[in-house]
Amino acid sequence: MSRIVIVSRRHDKLVSTVMKKVPEAVALTNFKFEIQNGDVLCWLPTVNEAVDDEVQELAALLDHSLFLPAKIVMLSIAGTADDATNQQLQEWYGKQATQIVFAHQYAIKMIDEFELPYTIVRALPIISDETTLKIVDEGKPLQGEGIGIAQVAQVIKRAVTTDDFKNQSVGVAP
């Protein structure tokens, strides 16, 4: 069984919810660790994190590792795959929406260029309420105000434990 390593600086319920669904996972707060053979790396940044800088830390980890991860799963925001309008982005992320989207797009591009198996999970703003769950392909619009934390965790579990979304960016919406 591969080790699942969750890297997140989050201080909300998402990491604990994912850990309940994937109890064998280990959670770390940064990319300063040693990759083991077969590791699945799951990166759960917040909307406002400097993911464009943090992906450089991930690149440094990969450059200095004896082993490469079997897969990288990254939680990203809606709006990075032609799936939201500028008005939606402003409503979801505020005045900094354009910069936030660009930072996430850069991180996603870097992950793609690592030429490792990956999955990008694009989520609407995460809310504590339960919602329905719809998987949305790139380029298709994401609708709604928010997606439930349990539903996001469900998709992340599927992404880290299966090859269902290999080398894809999938949107999650209610």
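1. On a 1 Å grid over the protein atoms alone, a cavity is a set of points where a 1.4 Å probe fits but cannot get out, whereas a pocket is an open set with protein on both sides within 12 Å along at least five of seven lines; lining residues have an atom within 4 Å of a point. Grid points are joined across faces, edges and corners, and a volume is the space filled by probe spheres set on the points. This is a predicted model, in which local features need pLDDT of at least 70 and side-chain atom pairs count only at pLDDT 80 or more, while totals for chains, interfaces and linings use all residues. Residues are numbered from 1 along each chain as its sequence is written, and side-chain values use heavy atoms, with hydrogens and water left out.

2. Which residues line the largest cavity? They are Val7, Ser8, Arg9, Thr29, Asn30, Phe31, Trp43, Glu49 and Glu54, and the volume they surround is about 40 Å³. This lining divides into three nonpolar, three polar and three charged residues (Ala, Val, Leu, Ile, Met, Phe, Trp, Tyr, Cys and Pro count as nonpolar, Asp, Glu, Lys and Arg as charged, and the others, Gly among them, as polar).

3. Glutamate 49, one of the cavity-lining residues, sits in the loop between β3 (40–43) and α2 (51–63) (helices, H or I of at least four residues, and strands, E of at least two, are DSSP runs numbered from the N terminus). Its relative accessible area is 12%, so glutamate 49 is buried (buried means under 20% relative accessible area, exposed over 50%, and partly exposed in between, with a 1.4 Å probe and protein chains only). Neighbours within four places in sequence aside, glutamate 49 is in contact (heavy atoms within 4.5 Å) with Arg9, Trp43 and Glu54. Arginine 9 is 40 residues away from glutamate 49 in sequence, yet their C-alpha atoms are 8.7 Å apart.

4. A polar atom of the glutamate 49 side chain lies 2.9 Å from the backbone nitrogen of threonine 46. Serine 8, in the loop between β1 (4–7) and α1 (13–21), likewise has a side chain that reaches a backbone nitrogen, that of arginine 10, at 3.1 Å. With a relative accessibility of 7%, serine 8 counts as buried.

5. The largest pocket has a volume of about 150 Å³ and is lined by 15 residues, of which Arg10, Thr46, Val47, Leu75 and Ile126 lie nearest its centre. Strand β4 (residues 71–77) gives the largest share of this lining, three residues. By class, ten of the lining residues are nonpolar, three polar and two charged.

6. Aspartate 82 lies in the loop between β4 and α3, but is exposed, with a relative accessible area of 71%. Aspartate 82 has a positive phi of about 50 degrees although it is not a glycine.

7. For an unreviewed entry, UniProt lists residues 71–162 as "domain: NAD(P)-binding"; UniProt positions are given in the numbering used here, feature names are shortened, and annotations may be inferred rather than shown by experiment. In the model this span is 41% helix and 22% strand, with its end C-alpha atoms 10 Å apart.

Conventions
Polar contact = N/O pair within 3.5 Å; in protein donor to acceptor, adjacent residues only side chain to side chain.
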